[in-house]
Amino acid sequence: MDLDRDLNPQQREAVFHEGGPLLVLAGAGSGKTRVLTYRIARLVGRTGLAPYRILAITFTNKAADEMRGRIRQLVGEASREMWTGTFHSICARLLRQHGDLVGIERSFVIYDETDQLRLVKNCIRNLGLSDSQVRPAAVLALIDRAKNQGLEPPAGVLMPTGSRREEIEAVLRAYRDSLRQAGALDFGDLILFAHQLLREHPAVLARLRDRFRAILVDEYQDTNRAQHLFLKTLVPEGGDLCVVGDDDQSIYRWRGAEVENLLRFEKDFPGARILVLEQNYRSTANILRAAESVARGNPERHPKSLWTANDAGEKVTYLEAGTPDDEARAVAREIRSLVPARGFSFRDVAVLFRTNAQSRAFEESFLLFQIPYALVGTTRFYERTEIKDLTAYLRFLYNPKDSVSLQRILNRPARGIGKTTEEALVRLAAERGVSLWEGMEQAVTEPGLVSATAARRIREVVGTLVALRERAAAAPSLVKLLEDVLDRSGYSSFLESLPDKERRVENVEELLRTASAFEETQESTSLSETLGAFLEKVALVSEADQYSEKANVVTLMTLHCAKGLEFEIVFLVGMEDGLLPHQRSSLDAAGLAEERRLCYVGMTRARRKLYLTRARLRTRYGERQEAVPSPFLLDIPAELLETEQQRIETWPAAEPRRARRQPAATAAESGVHFDFSESQIDLPALPGVPAAGRRQTYRVGDRIEHEDLGRGIVRKVEGGGEKEKITVQFEHGGIRKLMARLSPIRKIER
């Protein structure tokens with residue numbers, strides 16, 4: 001490590017800053033991770049600060065792991081003494097140590113969204129209500145919103161008006177009490193109770209402030225109010241706090257993130273200094289200029305002008321197809337022309353989209369073109385049924401009061417306990433104010449609580465679980481405990497009976513390997529502590545943690561999942577008004593601003609080549625409609641764009657086998673279409689890139705012809721120049737509003 005040679009002047013200022021809070025505004029690709037890791041290395045190596053006195057907070061577990069690895073390379077094994085993790089994992093660690101001071105058992109389990117939903121449904125039923133009277137998802141949204149603000153429901157919930165207000169409040173209270181009864185916390189509770197711990201126990205706060213002499217936080221623009229308040233309480237006035245963020249990359253408003261935390265940093269931390277990192281090391285100059293032109297459309301942002309010493313590179317390719325399927329085939333064909341002919345590997349390529357629903361067309365096209373791919377952000381490994389079942393067994397063994405986990409495994413595998421018996425047990429436990437486990441024990445010892453048949457079956461389950469608890473107390477390792485669960489619960493035999501047993505067994509074997517690898521990293525000799533740490537790790541896994549750069553596959557993922565990643569080639573697909581910006585998020589100024597930032601994030605994932613693609617027609621609400629190009633396209637200067645003018649029919653050398661085996665005349669019969677009007681990728685007139693003559697200015701009454709919608713008459717003209725919009729009444733396509741610059745239209749004689 002050479003601090004003078006490895007850092008540019010702005011990075012060096014950030015690394016060597018002393019004397020109070022520091023905000024580093026780090027533009028995309030400007031080396032923020034290097035600043036954080038080198039700052040830690042300087043603190044340890046040059047100021048002599050012990051690693052255990054440093055706290056580093058990241059946005060994802062994957063980022064935390066990468067930071068640990070980089071710091072270990074710089075300062076050696078002493079870095080293991082640092083606290084490095086996400087806000088949730090750091091707060092969980094604090095509550096494991098001091099949670100009893102705020103009424104939290106140290107053996108708490110963490111409920112994910114699935115567990116929360118089951119608990120809310122139980123609360124609704126126990127109150128004699130139905131899901132139609134009080135919607136579980138709506139209750140969860142209220143809870144999440146309040147806790148993101150640092151408030152505990154029901155007191156902190158902005159209640160909806162209406163006749164169900166009292167019922168909702170009752171459900172919120174029951175949910176809160178049920179969590180405590182189960183010895184469980186949800187994600188919001190981790191921050192909420194850790195903050196309460198700091199506020200109400202000055203001695204704990206003083207010890208933590210004395211220990212953590214330097215605190216560093218990554219991705220500060222994506223913190224919510226609760227996290228901000230926690231940090232503000234933890235850091236003493238004038239303390240060594242360094243936060244890194246970029247208001248242009250704040251994309252988690254829907255999760256409660258507040259970009260205002262970054263914008264008002266100077267007010268919340270008096271005396272703070274602000275440094276700006278503007279040199280981009282990732283992207284070519286053309287990609288960077290295009291992305292910056294989109295970002296500048298947001299008025300409320302810290303001023304910054306990114307630049308790069310990299311080559312200009314290729315222009316940004318704008319590619320337009322007829323339908324979403326055509327768009328996917330065009331992307332697949334382009335990838336086949338790049339890999340390996342131009343020296344790229346499949347792992348160099350990412351396809352980014354706004355919604356998960358868009359992935360279907362690309363998955364099908366990639367199968368057709370024999371392109372290996374990985375879809376990131378769908379069902380996570382730990383959410384797969386068999387994995388969720390087995391971790392529920394482990395959670396029950398760790399904390400028998402965890403009623404949600406016990407409820408899940410009551411009849412997994414099938415033990416003859418039906419829904420009626422299950423609901424009766426849940427209701428019994430709620431009425432008596434005990435855990436489900438205690439309710440089951442009472443049901444088999446007190447006659448008349450359940451039917452004789454149900455009591456017999458419950459007794460068998462209790463016997464199985466008691467035996468497992470005894471085995472857990474004596475198990476030599478986490479892996480052995482899992483093997484005991486598989487064997488003695490009957491789950492292993494159950495898996496063998498399933499039609500897709502191979503896939504499920506492979507998942508279970510992966511869980512065993514993961515548990516074994518995790519155990520090797522633990523210093524504790526206590527199985528209970530190791531089990532608790534493993535369950536915590538499982539609970540805190542995020543979508544972004546799924547991505548692996550080792551596999552040689554094309555990555556398909558949403559724009560939100562792509563945050564923090566980079567690829568040689570990026571296809572940003574679905575560049576249409578209603579998709580990007582998304583129709584639900586563009587109803588207010590703040591939502592539209594975040595959609596613009598999301599587009600900027602997607603564009604700046606690309607190192608060497610960026611494609612922006614869209615479909616001209618898309619089916620919405622069961623009807624095929626004209627898709628309006630994304631307004632963000634209008635922000636990109638014409639000289640940075642080029643069009644893809646080849647047709648789908650001109651397959652590359654590595655064309656799909658099915659297409660090669662048959663003549664073009666019969667290809668359509670097999671579902672492979674070589675040439676139809678909606679498949680053309682050559683574009684209508686773009687600024688400075690005319691497709692069939694120069695761009696035209698329209699007047700009311702002009703007759704036009706659209707490639708897909710046919711002939712029509714211009715009824716209204718709005719704006720002018722590059723932003724000219726026209727409303728057209730088509731002979732057969734109804735009335736549509738089009739962007740004149742980007743629509744495939746031409747004037748025709750009257």
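Reply: The largest cavity holds about 220 Å³ of space. Keep in mind as you explore that this is a predicted model. In all, the structure has 4 cavities of 30 Å³ or more. If you wonder how such spaces are found, rolling a probe the size of a water molecule over the atoms shows where empty space is left.

H16 supplies the largest share, with 4 residues. What kinds of residue make up the lining? It divides into 8 nonpolar, 2 polar and 7 charged residues.

Let's stay with H16, which runs over residues 385-398. Is H16 mostly enclosed or mostly open? Since 13 of its 14 residues are buried, H16 is largely enclosed by the rest of the structure.

Next, move to H24, which covers residues 527-539 and includes Thr 530. Thr 530 has a relative accessibility of 4%, so this residue counts as buried, the cut-off being under 20%. Who are its partners from further along the chain? Leaving aside neighbours within four places in sequence, Thr 530 is in contact with Leu 478, Phe 518, Glu 519, Gln 522 and Ser 524. While you have a helix on screen, here is a handy rule: an α-helix has 3.6 residues a turn, so residues three or four places apart point the same way.

The peptide bond from Arg 412 to Pro 413 is cis, with omega near 0°. A cis peptide bond also joins Val 339 and Pro 340, where omega is about -5°. Pro 340 sits in the loop between helix H14 (324-338) and strand S10 (349-353).

Glu 219 is not a glycine, but its phi is positive, near 55°. You can find Glu 219 in the loop between strand S6 (214-217) and helix H10 (225-234). Gln 370 is not a glycine either, and its phi is also positive, at about 55°. This one is in the loop between helix H15 (359-368) and strand S11 (373-375). Are these residues buried or exposed? Glu 219 has 11% relative accessibility, so it counts as buried, while Gln 370, at 33%, counts as partly exposed.

Finally, step back to the whole protein. It has 27 helices and 22 strands, and 56% of its 750 residues count as buried. Among contacts with a separation of 6 or more, 74% are between residues 24 or more positions apart. The protein exposes about 32100 Å², with carbon and sulfur atoms supplying 47% of that area.

Methods:
Residues numbered from 1 in each chain as written. Predicted model: local features only at pLDDT ≥ 70, side-chain atom pairs only at ≥ 80, totals over all residues. Heavy atoms only, no water. Helix = DSSP H or I, 4+ residues; strand = E, 2+ residues; numbered from the N terminus. Buried < 20%, exposed > 50% of the residue type's maximum accessible area, 1.4 Å probe, protein only. Contact = heavy atoms within 4.5 Å. Areas by Shrake-Rupley, 256 points an atom, 1.4 Å probe, with all protein chains shown as cover. Expected span 1.5 Å × (residues − 1). 1 Å grid on protein atoms, 1.4 Å probe; cavity = no way out; pocket = protein on both sides within 12 Å on 5 of 7 lines; lining within 4 Å. Points joined across faces, edges and corners; volume = space filled by probe spheres on them. Nonpolar A, V, L, I, M, F, W, Y, C, P; charged D, E, K, R; others polar.
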